[in-house]
Amino acid sequence: MSISRENVAHMAELAKLDLDKTTQERFARQFSVILRYMDELNAVDTQGVEALYQPVQHSVATRPDLIEASLERKKLLAGAPEQDGQYFVVPRILG
C-alpha cells in the first residue's frame with residue numbers, strides 16, 4: 001500500500017497541522033515504507049505459533065511496605081516562601 005502526499009495533507013488537515021509540501025512528501029514516503037513493512041509482517045505464516053503476552057519476561061522488583069519515619073512538618077515548611085504553620089500557601093488560580 002502506498003500513501004500519497006494528498007493522503008498526508010488530508011490527515012494533517014484533520015489533525016489541524018500545517019505541513020508544507022516538502023514535509024508532506026517526506027511523511028508520505030515514510031508512511032509508505034512503514035505500511036510495506038506491515039504487509040511483509042502480515043505475510044509471515046504464524047499458524048501454530050503460540051501467542052505471547054510479552055516476548056520478554058521481566059521480574060518485578062518488590063520491597064516490603066514498611067512504615068518509616070518521615071520529615072517533620074516544621075522542617076518541610078521552613079523552606080517555603082509562604083506557609084501558615086500547617087500548609088504551604090500558594091496564590092489562588094481558580095475563581
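1. V89 is found in the segment after α3, where helices (H or I, at least four residues) and strands (E, at least two) are DSSP runs numbered from the N terminus. The model is a predicted one, in which local features need pLDDT of at least 70 and side-chain atom pairs count only at pLDDT 80 or more, while totals for chains, interfaces and linings use all residues. Residues are numbered from 1 along each chain as its sequence is written, and side-chain values use heavy atoms, with hydrogens and water left out. With a relative accessible area of 33%, V89 is partly exposed; on this scale buried means under 20% relative accessible area, exposed means over 50%, and partly exposed lies in between (1.4 Å probe, protein chains only). Leaving aside residues up to four places away in sequence, V89 touches E82, Q83 and D84, a contact being heavy atoms within 4.5 Å. The C-alpha atoms of V89 and K74 are separated by 14 Å, and these two residues are 15 residues apart along the chain.

2. On confidence, the mean pLDDT of the chain is 90, and 99% of its residues reach 70 or more, pLDDT being the predictor's confidence in each residue, from 0 to 100. Confidence is lowest in helix α3 (residues 73-78), at a mean of 89, and highest in helix α1 (residues 5-14), at 96.

3. A network of salt bridges links R5, E6 and E25, and the structure holds 2 salt bridges, each defined as a side-chain nitrogen of Lys or Arg within 4 Å of a carboxyl oxygen of Asp or Glu. The side chains of E6 and R5 meet in one of them, at 3.6 Å from N to O. E25 also forms a salt bridge with R5, and here the closest N and O atoms are 3.6 Å apart. Because E25 lies in helix α2 and R5 in helix α1, this pair ties together parts that are 20 residues apart in sequence. R5 is buried, with a relative accessible area of 19%, whereas E25 counts as partly exposed at 37% relative accessibility.

4. S32 has its place in helix α2 and is buried, with a relative accessible area of 5%. A polar atom of the S32 side chain lies 2.9 Å from the backbone nitrogen of I3. Not counting residues up to four places away in sequence, S32 touches M1, S2 and I3.

5. A nonpolar patch on the surface is formed by M11, F31, I34, Y37, M38 and L41, which together have about 540 Å² of accessible area. Such patches are made of residues with over 30% relative accessible area and no salt bridge, with like charges joined within 9 Å and nonpolar side chains (Val, Leu, Ile, Met, Phe, Trp, Tyr) joined within 5 Å; the areas come from the Shrake-Rupley method with a 1.4 Å probe, and for residues only the protein chains shown count as cover. Helix α2 (residues 21-43) gives the most to the nonpolar patch, with 5 residues. F31 is placed in helix α2, and at 33% relative accessibility F31 counts as partly exposed.

6. The backbone at K16 deserves a separate remark. K16 has a positive phi of about 60° although it is not a glycine. Most residues other than glycine have a negative phi. K16 is found in the loop between α1 and α2 and is exposed, with a relative accessible area of 74%.

How values were computed. A polar contact is a pair of N or O atoms within 3.5 Å; within protein, one must be able to donate a hydrogen and the other to accept it, and residues adjacent in sequence count only if both atoms are side-chain atoms.
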